[in-house]
Amino acid sequence: MSDQAAAEYRIEDLAHHSGATVRTIRAYQDRGLLPKPERRGRSNVYGDTHLARLRQIADLLDRGYTLASIKELLEAWDAGRGLGGVLGLVAEVHGPWTDEEAARVSRADLDERFGGTSDDATVNEACELGVLERIPGCPEEFLVPSPQELAVAAELYAAGVPLPAITGHLRELRGQVEHIASRFLEFTTEHVFARYLGQVPPTDSDAVEAAALVRRLRPLAQQTVDAELARAMRLFATRHLQRHLGAAGAPQASAPASVALPAGTVRAVQELVGAEHVGEFVRAATERELQARRMNDLAQRGGRREPVDDGE
């Protein structure tokens, strides 16, 4: 007999220890996500296996998996195919994609960094965008998933950028960055991970190898974006400065002036060459006049030439 008897739970006790409701536990049983309990008389008895399975389901749900996909994973586990590699792959993908660590900030500190006045609307928008996260039981304190992002917003505000413009820019930027992330995932899935995704769920060995590749490739997206952003900023910042200040030493070209022709002249030209050829006729006439003036100028210069003294 073992020193410690296996734990046994009624459904109410199982709900208390797992954090799931009694109704949820019964629904998981009906969907085949949870093994059937042991029947003792008129009561159902659950064990540590059920508790571990409920915690496993809750963890996968938190990572964004649907109940249907969770069922496939658990069925693979129950069939003896192994789930350790798959869960390792899940953990690798769900893990942090940056070395930055979250921090906390008080409401008083936020108000001081952004104008010194309390602005509930802006705080609510920051929470909606995920720049801030509310902490249950601490209404005057917030979690900051990316202190760097909050610091950028504070610097822009100090430089004179209004808060609505900052949040609007963040929304626009987020949409563009999410597109880049989506394309990177499509690219790596097609060329790298497709061979590991033939079976759903993948075999344990394939999942382990795929998890190792995720670790290797994870920093590549950020490194590529950083390099391309630096190149683009250098290029466009230079153009932007030249457009506003003018290139050093370069003469500023003046825009051609528009000349309005008298209505009578335009009608006469239309009668002569047709409305569709007015522009062409005016250009040709102008060029002819310029050429005539040039020839006349050359002739006048030749007429003013001093006579040659032949010594007579």
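1. **Terms and overall make-up.** Helices here are DSSP runs of at least four residues, and strands are DSSP runs of at least two, numbered from the N terminus. On that basis, the protein chain has twelve helices and five strands. Keep in mind that this is a predicted model.

2. **Burial and surface.** The chain holds 312 residues, and 23% of them count as buried. Its exposed surface comes to about 22,700 Å². Carbon and sulfur atoms supply 55% of that area.

3. Which strands form the open sheet, and in what order? There are three, in the order E3-E5-E4, and their pairing is antiparallel. E3 (103–106) and E4 stand at the edges with a single partner strand each, so one side of each has no neighbour in the sheet. From one strand to the next, the twist averages 40 degrees.

4. **E3 against E5.** These two strands run antiparallel and are joined by four bridges. Ala103 has Val144 in E5 as its bridge partner. Arg104 stands opposite Leu143 in E5.

5. **E4 against E5.** Three bridges join this antiparallel pair. Here Glu133 stands opposite Leu143 of E5.

6. **Helix H7, the buried side.** Which residues of H7 are buried? H7 spans residues 120–129, and its buried residues are Val123, Ala126, Cys127 and Leu129. They lie on the same side of H7, because the arc they cover around the axis is only 165 degrees. Their cover includes helix H6 (107–113) and helix H9 (163–193). Strands E4 (133–135) and E5 (138–144) are also among the elements that cover them.

7. **The ends of H7.** What caps the N-terminal end of H7? Asp119 does: one of its side-chain oxygens lies 3.3 Å from the backbone nitrogen of Ala121. After the helix comes Gly130. The phi of Gly130 is positive, near 85 degrees.

8. **Arg107.** This residue sits in helix H6. Is Arg107 buried or exposed? Its relative accessibility is 10%. Buried means under 20%, so Arg107 counts as buried. The Arg107 side chain makes a polar contact of 2.7 Å with the side chain of Asp120.

9. **What surrounds Arg107.** Set aside the neighbours within four places in sequence. Arg107 is then in contact with Ser118, Asp119, Asp120, Val123, Glu140 and Phe142. Several names on this list link back to earlier points. Asp119 is the residue that caps H7. Val123 is one of the buried residues of H7. Asp120 is the partner in the polar contact.

Note on methods:
Residues numbered from 1 in each chain as written. Predicted model: local features only at pLDDT ≥ 70, side-chain atom pairs only at ≥ 80, totals over all residues. Heavy atoms only, no water. Buried < 20%, exposed > 50% of the residue type's maximum accessible area, 1.4 Å probe, protein only. Arc of directions from axis to C-beta. Contact = heavy atoms within 4.5 Å. Polar contact = N/O pair within 3.5 Å; in protein donor to acceptor, adjacent residues only side chain to side chain. Areas by Shrake-Rupley, 256 points an atom, 1.4 Å probe, with all protein chains shown as cover. Pairing = 2+ DSSP bridges. Axes fitted to C-alpha atoms, helices over the stretch in contact; angles between N-to-C directions.
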